[in-house]
Amino acid sequence: MFGVTDNSFIVWAACMCAILCLRSLYSMIVGAVNELEYMNYGIGLVLLFIAGKIVADIVFHVVFPVWITLLVVGVVLGLSAFLSVLKRNNTPKEDHGLGLIADVEDPSSCPTDTPVEESYLLSSSNRPL
């Protein structure tokens with residue numbers, strides 16, 4: 001937090017919010033990292049940027065405005081999510097040995113003589129819990 005502000009109250013409040021929301025946020029991030037292949041690289045770049053920003057402030061007394069930090073974080077995470085979705089949508093479908101193509105969201109791609117259960121038509125992103 002000290003990479004964004006020097007105000008100790010804002011840092012304390014952000015830490016308290018982080019502690020209170022940590023469990024749900026962790027679940028969300030784990031889900032995003034599992035679904036989005038490049039999210040690990042995006043998070044790593046954000047951490048590298050924040051570390052460089054702190055070093056630049058301490059060693060060289062260079063202070064970046066908050067809007068630049070937020071812009072870099074947003075662009076890096078957004079770009080990593082976008083590239084992950086783009087790659088996932090462009091990967092070829094695989095045959096899993098059942099005679100069915102893995103694209104089961106489109107029932108027309110399945111053979112007509114094979115019964116298709118409703119659970120096969122649900123993708124992993126919209127399965128009921």
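This is a predicted model: local features need pLDDT of at least 70, side-chain atom pairs count only at pLDDT 80 or more; totals for chains, interfaces and linings use all residues.

Student: Let's start with Arg 88: how exposed is that residue?
Tutor: Arg 88 is partly exposed, with a relative accessible area of 38%. Buried means under 20% relative accessible area, exposed over 50%, and partly exposed in between, using a 1.4 Å probe and protein chains only.

Student: And what does Arg 88 form a salt bridge with?
Tutor: With Glu 35; their closest N and O atoms are 3.1 Å apart. Arg 88 sits in helix 3 and Glu 35 in helix 1, so the pair ties together parts 53 residues apart in sequence. The salt-bridge rule is a side-chain nitrogen of Lys or Arg within 4 Å of a carboxyl oxygen of Asp or Glu.

Student: How many salt bridges does that rule give?
Tutor: Two. Glu 37 also forms one with Lys 87, where the closest N and O atoms are 3.0 Å apart. Glu 37 is in the loop between helix 1 and helix 2 and Lys 87 is in helix 3, so this pair ties together parts 50 residues apart in sequence.

Student: Which helix has the highest mean pLDDT?
Tutor: Helix 2, at 94, while helix 1 (residues 8-35) has the lowest among the elements, at 78. pLDDT is the predictor's confidence in each residue, from 0 to 100. The protein averages 77, and 68% of the residues score at least 70.

Student: What's in the fold overall?
Tutor: Three helices and zero strands. Those are DSSP runs numbered from the N terminus: helices are H or I with at least four residues, strands E with at least two.

Student: Back to helix 2. Which residues are buried there?
Tutor: Met 39, Gly 42, Val 46, Lys 53 and Ala 56. They cover an arc of only 110° around the axis, which puts them on the same side of helix 2; the arc is taken from the directions from the helix axis to the C-beta atoms. The face turned away from that buried side carries exposed Tyr 41, Leu 47, Leu 48 and Ile 58.

Student: What happens just after helix 2?
Tutor: His 61 takes a positive phi of about 55° there, although His 61 is not a glycine. At 66% relative accessibility, His 61 counts as exposed.

Terms used:
Residues are numbered from 1 along each chain as its sequence is written. Side-chain values use heavy atoms; hydrogens and water are left out.
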